[in-house]
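This briefing is for a reader who has not seen this structure before. Please look over the sequence and the model, then read the points below.

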Amino acid sequence: MDKFTSLTGVAAPLPIINIDTDMIIPKQYLKTIKRTGLGTALFSEMRYNEDGSENPDFVLNKPAYRKAQIIIAGDNFGCGSSREHAPWALLDFGIRCVISTSFADIFYNNCFKNGILPLVVTPEQLKLLLDDAERGANATLSVDLEAQTIKGPDGGTLHFDIDPSRKQILLEGLDDIAGTLKSDPSISAFEGKMATDRPWL
């Protein structure tokens with residue numbers, strides 16, 4: 001998994017509440033177990049018209065946001081089913097950070113497992129960030145995970161909170177297996193002691 005230390009990129013405003021995982025990646029794309037190739041289907045029901053052409057009104061189809069790496073979203077982002085394809089699609093498109101006032105728990109956890117930083121901010125902070133994101137080509141934010149700050153295009157800085165263990169997972173680029181292997185000496189020592197103390201197990 002790629003490390004996440006800092007990110008400077010265009011932020012796309014998506015001020016819709018209750019964006020569920022079916023909106024992020026509709027069910028017809030769930031047949032694959034590959035983590036790549038889903039970016040073209042991200043938000044497909046909003047991005048494309050019935051004839052398959054792009055919907056020019058959707059934010060990620062607008063020239064300024066086609067290479068957005070950050071999404072500023074409404075409350076309760078990632079609700080609905082627990083499909084891990086949702087963060088896969090976001091990551092494959094190029095999104096490394098989603099900022100909202102709240103996330104569904106399973107989606108939130110899945111983001112950390114896939115190298116995406118989900119940031120929880122206050123409603124007041126979200127309004128400021130949405131204002132910044134509305135600037136089109138100038139909608140560039142800088143997210144510093146180590147310092148836990150978000151810097152806007154005018155230099156204004158917001159601070160965010162994050163669980164220290166989750167922060168470390170992203171900083172080191174650790175998936176669940178790699179995170180467990182960090183504790184290998186302790187695990188091996190425990191198993192050795194168990195083998196000595198309880199050889200019948």
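Strand β2 is covered on both of its faces. Ile 70 and Ile 72 are buried on one side, and Ile 71 and Ala 73 are buried on the other. The model is a predicted one.

**Strand β2 and its partners**

- Strand β1, residues 6–14, runs parallel to β2 and is joined to β2 by four bridges.
- Pro 13 has Ile 72 of β2 as its bridge partner.
- From β2, the chain crosses through helix α3, residues 85–93, to reach β3, and this β-α-β crossover is right-handed.
- Strand β2, residues 70–73, also pairs with strand β3, residues 97–100, in the parallel sense and over three bridges.
- Two facing pairs can be named between these strands: Ile 70 stands opposite Cys 97 of β3, and Ile 72 stands opposite Ile 99 of β3.

**The sheet as a whole**

- The sheet is open and has seven strands, in the order β4-β3-β2-β1-β5-β6-β7, with mixed pairing.
- The edges are formed by β4 (117–120) and β7 (157–159); each has a single partner strand, so one side of each is left without a neighbour in the sheet.
- From one strand to the next, the twist averages 25°.

**The nonpolar core**

- In soluble globular proteins, nonpolar side chains tend to be buried together.
- Here the largest nonpolar core contains 57 residues.
- The residues with the most contacts inside this core are Phe 43, Ile 72, Phe 77, Leu 90, Ile 99, Leu 117 and Ile 150.
- Which residues does Leu 117 contact, leaving aside its neighbours within four places in sequence? They are Phe 4, Arg 96, Cys 97, Val 98, Phe 112, Val 143, Leu 145, Ile 162 and Leu 170.

**Helices α4 and α6**

- Two packed helices are described by the angle between their axes and the distance between the axes.
- Helix α4, residues 105–113, packs against helix α6, residues 164–172, at an angle of about 35°, and their axes are 9 Å apart.
- Helix α4 contributes Tyr 108, Asn 109 and Phe 112 to the contact, while α6 contributes Arg 166, Ile 169 and Leu 170.
- By class, this contact has four nonpolar residues, one polar and one charged.
- Phe 112 of α4 and Leu 170 of α6 take part in this contact, and both are in contact with Leu 117.

Notes: Residues numbered from 1 in each chain as written. Predicted model: local features only at pLDDT ≥ 70, side-chain atom pairs only at ≥ 80, totals over all residues. Heavy atoms only, no water. Core = buried A, V, L, I, M, F, W, Y, C linked by side-chain atoms within 4.5 Å. Buried < 20%, exposed > 50% of the residue type's maximum accessible area, 1.4 Å probe, protein only. Contact = heavy atoms within 4.5 Å. Pairing = 2+ DSSP bridges. Axes fitted to C-alpha atoms, helices over the stretch in contact; angles between N-to-C directions. Right-handed = clockwise from strand over helix to strand, strands pointing away. Nonpolar A, V, L, I, M, F, W, Y, C, P; charged D, E, K, R; others polar.
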